[in-house]
Amino acid sequence: MTVGEASKNLPWVEKYRPSKLEELISHDDIIKTINQFMKENQLPHLLFYGPPGTGKTSTILACARQMYTPQQFNSMVLELNASDDRGIGIVRGQILSFASTRTIFKAGPKLIILDEADAMTNDAQNALRRIIEKYTENVRFCIICNYLGKIIPALQSRCTRFRFAPLQQSQIVPRLKEVAAAENVKLSEDGIKALLALSGGDMRKVLNTLQSTWLAYRDVTEDNVYTCVGHPLRSDITKIFNWLLTENDFAVCFQNIQDLKLAKGLALGDILTEVHTIIQRVKLPAEVLVSLLIKMSDAEARLASGCSERIELAALIAAFQIARDQVQIGTTDTS
Ligand SMILES: Nc1ncnc2c1ncn2[C@@H]1O[C@H](COP(=O)(O)OP(=O)(O)OP(=O)(O)O)[C@@H](O)[C@H]1O
């Protein structure tokens with residue numbers, strides 16, 4: 001990773017964006033295959049899909065840098081992303097005119113990168129399939145999206161598909177430590193664990209959370225990471241869980257959790273996710289656990305569709321009270 005003076009003030013996700021294929025920390029098979037395509041001058045149209053922050057854009061930009069010199073880059077590569085118009089107009093205008101003109105600077109095809117292509121309208125995608133076929137000699141397309149299902153089958157069949165899976169912890173940790181060392185960040189082991197737990201394999205999220213925590217607190221520890229993103233601390237979840245399991249008075253339990261939520265700015269969705277993780281550690285009869293989990297997932301679905309947090313919190317407490325009526329659960333050490 002080479003980091004120049006000009007990139008000093010960049011967000012770390014951009015400052016440490018891999019500029020060469022070798023710098024990517026994951027998806028070795030995909031990178032090997034694409035390298036082979038480029039070596040043999042046989043690059044097909046590409047379709048990269050998978051969750052955010054897994055290196056799709058970085059991979060194609062690194063390929064482009066490998067194929068073209070910095071002087072050629074602007075005339076040979078057209079990159080369109082979500083901030084550009086996604087309708088049929090851009091396909092008939094900018095894309096068609098870029099694809100249909102040849103450049104005198106370099107032999108070989110140009111490259112059109114359509115980032116976040118799942119935001120393109122169906123009409124635009126339909127218009128694109130003709131252009132892809134007609135100008136294949138002139139141009140290669142790289143279509144990038146999160147949801148493959150939003151790309152029409154006709155486009156899918158014209159491209160070679162690669163799925164970018166979420167990054168594994170063993171891939172993230174060395175890069176995370178490298179960035180932390182380069183930026184002189186004090187990063188504790190539990191801080192690393194918290195970053196990994198929050199990221200879900202999204203390297204962008206890891207680096208963004210690292211930088212925000214560092215800016216806010218300097219020391220990147222578990223508590224600082226969770227507090228920075230407003231995620232419940234382990235100690236908060238233990239408290240909430242114990243209230244749910246042992247507080248007999250519904251109103252007191254509701255008030256305790258509500259006060260903690262307000263004091264720490266916690267979201268009920270995050271509380272549900274964490275309670276869901278630790279509930280697995282409590283020994284409960286299968287039918288009680290199943291009915292509790294179903295009620296929790298119903299509450300989560302209602303929250304996602306915009307229902308009131310207060311009412312869903314009451315529903316969560318009610319679900320636990322019913323479960324406790326069915327069986328005596330008792331307090332648990334969840335640390
Ligand atoms: N495989 C990887 N190797 C190294 N860094 C990575 C990798 N994947 C992601 N990153 C880091 O995360 C940032 C975002 O990656 P990138 O833009 O390539 O993700 P993406 O898969 O295209 O995401 P989205 O679907 O949201 O556009 C990069 O700037 C880089 O710092």
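# Close-up views of a predicted model

View 1. The model is predicted: local features need pLDDT of at least 70, side-chain atom pairs count only at pLDDT 80 or more, and totals for chains, interfaces and linings use all residues. Numbering starts from 1 along each chain, following its sequence as written. In total, 21 residues surround the ligand, and R17, P52, G55, T57 and S58 are the closest. Helix 1 (12–15), helix 3 and helix 10 (203–217) are the elements that give two or more residues to this shell. Helices (H or I, at least four residues) and strands (E, at least two) are DSSP runs, numbered from the N terminus.

**View 2. Three domains divide the chain.** They are domain 1 (27–163), domain 2 (169–229) and domain 3 (234–326). Their bounds come from an automatic or database domain assignment. Which domains each give at least three residues to the shell around the ligand? Domain 1 and domain 2 do. The centres of domain 2 and domain 3, taken over C-alpha atoms, are 28 Å apart.

**View 3. The largest nonpolar core has 38 residues.** Such a core is a set of buried Ala, Val, Leu, Ile, Met, Phe, Trp, Tyr and Cys residues joined through C-beta atoms within 7 Å. Here F48, I112, I113, L114, C142, I143 and I144 touch the most other members. Several elements supply at least two residues each, including helix 2 (28–39), strand 1 (46–49) and helix 5 (88–100). Strand 4 gives the largest share, 6 residues. In soluble globular proteins, nonpolar side chains tend to be buried together. Now look at F48. Beyond neighbours within four places in sequence, F48 contacts K56, T59, I60, C142, I144, F162 and F164. A contact means that two C-beta atoms, placed from the backbone, lie within 7 Å.

View 4. E116 sits in the loop between strand 3 (110–114) and helix 6 (122–134). The loop of N184 runs between helix 8 (169–182) and strand 6 (186–187). Is N184 buried or exposed? N184 is exposed, because it has 8 C-beta neighbours inside 10 Å. E116 has 19 other C-beta atoms within 10 Å, so E116 is partly exposed. The cut-offs count other C-beta atoms within 10 Å, placed from the backbone: 20 or more is buried, 12 or fewer is exposed, and in between is partly exposed.

**View 5. I152 lies in the loop between strand 4 and helix 7 (153–158).** I152 is partly exposed because 15 other C-beta atoms lie within 10 Å. I152 touches N122, Q125 and N126, leaving out residues up to four places away in sequence. R129 is 23 residues from I152 in sequence, and their C-alpha atoms are 9.6 Å apart.

View 6. pLDDT is the predictor's confidence in each residue, from 0 to 100. The chain averages 91, and 94% of the residues score at least 70. Over residues 330–335, pLDDT is below 50. Where pLDDT is low, the predicted coordinates should not be read in detail. For the complex, the predictor gives an ipTM of 0.96 and a pTM of 0.83.

Note on methods: Near = placed C-beta within 6 Å.
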